[in-house]
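Here are a few notes to read alongside the model. Take them in order, with the structure open beside you.

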Amino acid sequence: MARTSLAARFEQSITLNALRAYIAEFISTFFFVFAVVGSTMSSRNLVPNAASDPTSLVAVAIANAFALASAVFLSANISGGHVNPAVTFGMAVGGHISVPTALFYWISQMIASVVACVLLKVIIIGQHIPTYTIAEEMTGFGASVMEGVVTFILVYTVYAAGDPRRGTFGAIGPLVIGLTAGANVLATGPFSGGSMNPACAFGSSVVAGTFKNQAAYWVGPLFGAALAGLLYDNVVFPAQPAVAAEGVGV
């Protein structure tokens with residue numbers, strides 16, 4: 001029985017509609033990573049010591065907000081607009097997406113991130129691809145917790161914005177998600193980088209050739225995303241039984 005169920009889920013993950021979803025995730029994630037990593041490189045080009053300049057932090061936060069809002073809006077009606085392995089993981093934990101489909105989403109997102117960073121490295125000569133780093137006053141564990149907290153906030157926002165009980169997704173949902181990401185970058189950028197996105201951290205690390213502290217950008221966000229999904233669906237805003245919701249029997 002379990003094998004049959006797993007096989008059925010896998011077959012659903014290789015349909016034409018599923019392929020469209022993977023392509024949509026690839027395009028949206030590519031656009032997001034290209035904009036976010038590119039904005040960091042632009043800041044470094046304009047400001048010699050961008051790491052200690054507050055205007056650089058604001059610029060990167062705005063880029064995160066605008067890019068994520070646009071990327072989510074582009075693919076929301078096709079793939080759900082995850083643009084982030086942590087969001088996909090949170091949706092899988094909540095039962096909104098099957099595990100095989102989630103794995104294909106991850107592959108699409110990570111390949112898109114690597115391709116975006118490779119393209120930036122090729123066309124912008126003289127600059128290294130920036131990677132997410134942990135401040136000296138932070139430990140790896142502390143950075144992982146911080147990334148987990150901001151990812152929890154982001155994924156919780158994704159759940160709330162995409163909840164059909166709140167009405168149609170429209171354009172306000174992606175905007176709220178983008179603004180949340182921008183606020184999180186402003187809060188945590190100087191300390192852990194404000195990644196919230198394992199694919200973005202992975203792609204830049206692959207192209208830069210360094211995986212230092214990479215675990216902090218996976219463990220924390222995945223745990224935070226799972227907690228957000230479980231908390232929203234089971235505690236804060238659980239689904240109501242049809243009888244209670246409609247007041248009539250079936």
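1. Let's begin with the surface. The protein chain has an accessible surface of about 12,700 Å², and carbon and sulfur atoms account for 70% of that area. Please keep in mind that this is a predicted model.

2. Now for what lies inside. The protein chain has 250 residues, and 46% of them count as buried.

3. You will find ten helices and zero strands in the protein chain. Read from the N terminus, the order of elements is α-α-α-α-α-α-α-α-α-α.

4. Contacts tell you how the chain comes together. Taking those in the protein chain between residues at least 6 apart in sequence, 79% join residues at least 24 apart.

5. Is Leu16 buried or exposed? Leu16 has a relative accessible area of 55%, and because the cut-off for exposed is over 50%, Leu16 counts as exposed. Together with Leu19, Ile23 and Ile27, Leu16 makes up a nonpolar patch on the surface. The accessible area of these four residues together is about 380 Å².

6. Finally, have a look at Gly126. Where does Gly126 sit? Its place is the loop that runs between helix H5 (99-123) and helix H6 (140-162). The relative accessibility of Gly126 is 77%, so this glycine counts as exposed. Gly126 and Asn45 are 81 residues apart along the chain, and 9.9 Å separates their C-alpha atoms.

Conventions. Residues numbered from 1 in each chain as written. Predicted model: local features only at pLDDT ≥ 70, side-chain atom pairs only at ≥ 80, totals over all residues. Heavy atoms only, no water. Patch = residues over 30% accessible without salt bridge, like charges linked within 9 Å, V, L, I, M, F, W, Y side chains within 5 Å. Areas by Shrake-Rupley, 256 points an atom, 1.4 Å probe, with all protein chains shown as cover. Salt bridge = Lys/Arg side-chain N within 4 Å of Asp/Glu carboxyl O. Buried < 20%, exposed > 50% of the residue type's maximum accessible area, 1.4 Å probe, protein only. Helix = DSSP H or I, 4+ residues; strand = E, 2+ residues; numbered from the N terminus. Contact = heavy atoms within 4.5 Å.
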